[in-house]
Amino acid sequence: MDMKSFSLEGKIALVTGASYGIGFAIASAYAEAGAKIVFNDINQELVDKGMAAYKEAGIEARGYVCDVTNEEQVQNLIATIEKEVGVIDILVNNAGIIKRIPMHEMSAEEFRKVIDVDLNAPFIMAKAVIPSMIKKGHGKIINICSMMSELGRETVSAYAAAKGGLKMLTRNICSEYGEYNIQCNGIGPGYIATPQTAPLREKQADGSRHPFDQFIIAKTPAARWGTPEDLQGPAVFLASDASNFVNGHVLYVDGGILAYIGKQP
Ligand code: NAP
Ligand code: GCO
């Protein structure tokens, strides 16, 4: 096998919501693998923050302000990138939000907002890049799913519904566009230490670990939270030619949590 099949040399990768967190880690790995990096975030302040972080990491990236839930902004973003950088070879639908509210207390508006960012936006983004991928004869679409694509838990009804839907959107894009040499796969991170999960890891007043933190450690065979860096290898694999016959798959990067009943208390 030619190890060059893992290279992203000459490829253009767009990672959404990639000023920090998982998106930033994935984009950084893509740059190391040779790709040109383009990212967006929801406001100029975050884009500037991201640009500074990429520069500090020695990565030449282009950042654009775009709300991924706004189809007109997304269509304009893709047209601008195609004019200024080139046709997108790799799209990572990373931007996402979560609201942790008991379902009977969650408003329909709050539910809709999570679905909008975590499910409708990946549809809008994929729809925007697929035509040029078809013309180019190849493309990679990677949706950042979640353990909640498979499991539920208290307070995350909207998020689990969105991520479950995102798993099926991944399978449907695979089904509809595989014949154009477009592969669409998901990455399902376990519990990863980022700003999104910071509330679940806050130290208690007495200095002890957050109960949820202890729970995740007991439920994860790796006995640790994941880091954004744990996702870099799987993300490069799914973006590279090495995975050209992998399609419609959700690759769980979770330290084994989905396979494990959990340590006896
Ligand atoms: P994060 O730290 O909250 O970062 C999410 C990024 O997306 C932020 O930059 C955020 O900007 C951006 N964003 C949110 N709404 C947006 C919109 N409408 N348009 C453009 N950008 C938007 O999250 P993360 O932990 O890195 O997670 C990244 C992805 O992985 C998400 O899809 C998440 O659901 C998924 N995931 C995370 C974990 C985990 O344990 N951390 C596990 C499984 C899956 P703002 O700062 O303005 O919100
Ligand atoms: C939560 C967490 C999870 C993780 C992730 C797990 O509140 O349960 O935020 O949803 O973010 O999605 O895979």
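This is a predicted model: local features need pLDDT of at least 70, side-chain atom pairs count only at pLDDT 80 or more; totals for chains, interfaces and linings use all residues.

Trainee: Which residues are closest to ligand 2?
Mentor: Ligand 2 is surrounded by 14 residues, and the closest are Arg100, Ser146, Arg153, Tyr159 and Tyr191. A residue is near a molecule if one of its heavy atoms lies within 4 Å of it.

Trainee: Which polar side-chain atom lies 2.6 Å from an oxygen of ligand 2?
Mentor: One from Arg153. That is a polar contact (a pair of N or O atoms within 3.5 Å). Ser146 has a side-chain N or O atom 2.7 Å from a ligand 2 oxygen. Pro189 uses a polar backbone atom, 2.8 Å from an oxygen of ligand 2.

Trainee: How much of ligand 2 does the protein cover?
Mentor: 97% of the 330 Å² of accessible area that ligand 2 has on its own. Areas come from the Shrake-Rupley method with a 1.4 Å probe.

Trainee: What kinds of residues make up that shell?
Mentor: Eight nonpolar, four polar and two charged. Ala, Val, Leu, Ile, Met, Phe, Trp, Tyr, Cys and Pro count as nonpolar, Asp, Glu, Lys and Arg as charged, and the others, Gly among them, as polar.

Trainee: Over to ligand 1. How many residues surround it?
Mentor: 28, and Tyr159 is among the closest. A polar side-chain atom of Tyr159 lies 2.7 Å from an oxygen of ligand 1. Asp67 has a side-chain N or O atom 2.9 Å from a nitrogen of ligand 1. A backbone N or O atom of Val68 is 3.2 Å from a ligand 1 nitrogen.

Trainee: What share of ligand 1 gets buried?
Mentor: 91% of the 880 Å² that ligand 1 exposes when taken alone.

Trainee: New topic. How many salt bridges are there?
Mentor: Eight. A salt bridge is a side-chain nitrogen of Lys or Arg within 4 Å of a carboxyl oxygen of Asp or Glu. One pairs Glu84 with Arg62, the closest N and O atoms being 3.4 Å apart.

Trainee: What does that pair tie together?
Mentor: Glu84 lies in helix 3 (residues 71-84) and Arg62 in strand 3 (residues 61-65), so the pair ties together parts 22 residues apart in sequence. Helices (H or I, at least four residues) and strands (E, at least two) are DSSP runs, numbered from the N terminus.

Note on methods
Residues are numbered from 1 along each chain as its sequence is written. Chains are lettered from A and ligands numbered from 1 in the order in which they are written. Side-chain values use heavy atoms; hydrogens and water are left out. A polar contact is a pair of N or O atoms within 3.5 Å; within protein, one must be able to donate a hydrogen and the other to accept it, and residues adjacent in sequence count only if both atoms are side-chain atoms.
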